[in-house]
Amino acid sequence: SPNFSCQRMVEEYYDQLYAPAHRAWILDSANGFAKVRERTRWNRQVEHAWSNIRFVDFGPDPGKAVFAGSAGPLEVTIDLAGLKPEDVRVEAVVGSVAAGGELHKTQVLNLAVVRQEGASAVFSRSFVPPQTGRVGYAVRVSPSHFEDPLTRPCYPLLKWA
């Protein structure tokens, strides 16, 4: 069958694996591996600062019930321990709160930096609950130095609040 031939398999390997790997090698080896050296320097800087990163504040509190279909704020202030806001990825995991307190039917929302306050940065976005009932969230911060979030590495460096 033409759909299951070795020719098709070799073409897919080439298109999906070998050609992209070759293009990545060309980009990474340019200028004496400058891009790789910069990423290594950045990784060391993040690893050195990571234990000092801390969540400072959550707010503002909506102060009243937030109804399905109306926006409520998600905001967090994080002491970045000398890192820049673009060095981290801040996400809120939002979902329904079950009887035991755990989150169900979750979705991940990226929070954008809105301002810098000394060594801390404020990350925020509005959120519209898709349903009524108890809604909760947890916030996580991870290193982010990669353009494509689908190919970014899964770091052991992750903090939750």
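## Starting at the sheet edge

Strand E1 and strand E2 (residues 72–79) run antiparallel and are joined by 4 bridges; two strands pair if DSSP finds at least two bridges between them. Helices (H or I, at least four residues) and strands (E, at least two) are DSSP runs, numbered from the N terminus. One place to look is Asp57, which stands opposite Thr77 in E2.

A quick note on what you are viewing: this is a predicted model, where local features need pLDDT of at least 70 and side-chain atom pairs count only at pLDDT 80 or more, while totals for chains, interfaces and linings use all residues. Residues are numbered from 1 along each chain as its sequence is written, and side-chain values use heavy atoms, with hydrogens and water left out.

## The overall fold

The chain has 1 helix and 7 strands, and along the sequence they follow the pattern α-β-β-β-β-β-β-β. Of its 161 residues, 31% count as buried; buried means under 20% relative accessible area, exposed over 50%, and partly exposed in between (1.4 Å probe, protein chains only). The accessible surface comes to about 10700 Å², and 56% of that belongs to carbon and sulfur atoms. These areas come from the Shrake-Rupley method with a 1.4 Å probe; for residues, only the protein chains shown count as cover.

Contact here means heavy atoms within 4.5 Å. Among contacts between residues at least 6 apart in sequence, 61% join residues at least 24 apart.

## The sheet and its helix

In what order do the 7 strands sit in the open sheet? The order is E1-E2-E5-E4-E3-E6-E7, with antiparallel pairing. Strand E1 (54–58) and strand E7 (159–160) stand at the edges with a single partner strand each, so one side of each has no neighbour in the sheet.

Helix H1 (residues 6–50) lies across E3, strand E6 (135–143) and E7, and runs at about 130 degrees to E6. For that angle, axes are lines fitted to C-alpha atoms, for helices over the stretch in contact, and angles run from 0 to 180 degrees between N-to-C directions.

Strand E6 is mostly covered, with 7 of its 9 residues buried. On one pairing, 9 bridges join E3 to E6 in antiparallel fashion, and Gly95 has Gly136 in E6 as its bridge partner. On another, 2 bridges join E6 to E7, also antiparallel, with Val141 opposite Lys159 in E7.

Ser144 sits in the loop between E6 and E7. Is Ser144 buried or exposed? Ser144 is buried, because its relative accessible area is 16%. Leaving out residues up to four places away in sequence, Ser144 touches Trp42, Glu86, Asp87, Val88 and Arg89.

## The nonpolar core

In soluble globular proteins, nonpolar side chains tend to be buried together. A nonpolar core is a set of buried Ala, Val, Leu, Ile, Met, Phe, Trp, Tyr and Cys residues joined through side-chain atoms within 4.5 Å. The largest one here has 23 residues, and those with the most contacts inside it are Val76, Ile78, Val88, Val90, Phe123 and Val141. The elements giving two or more residues to this core are H1, E2, E3, E4, strand E5 (120–127) and E6.

Val90 makes a handy landmark. Setting aside neighbours within four places in sequence, Val90 is in contact with residues including Val76, Ile78, Leu109, Leu111, Phe123, Val139 and Val141.

## Aromatic pairs

A search of the whole structure finds 3 aromatic pairs. Among them, Trp25 and Phe33 form an edge-to-face pair, 5.5 Å centre to centre with 65 degrees between the planes. Rings of Phe, Tyr and Trp (its six-membered ring) pair if their centres lie within 6.5 Å; planes under 30 degrees apart count as stacked, over 60 as edge-to-face and the rest as tilted. Trp25 is exposed at 52% relative accessible area, whereas Phe33 is partly exposed at 32%.

Phe55 and Phe58 form a stacked pair, 6.0 Å centre to centre with 15 degrees between the planes. Phe55 counts as buried at 19% relative accessibility, while Phe58 is partly exposed at 37%.

## Backbone spots to check

Most residues other than glycine have a negative phi, and most peptide bonds are trans. Ala81, in the loop between E2 and E3, has a positive phi near 55 degrees and is partly exposed at 27% relative accessibility. Lys105 lies in strand E4, has a positive phi of about 50 degrees and is exposed at 77%.
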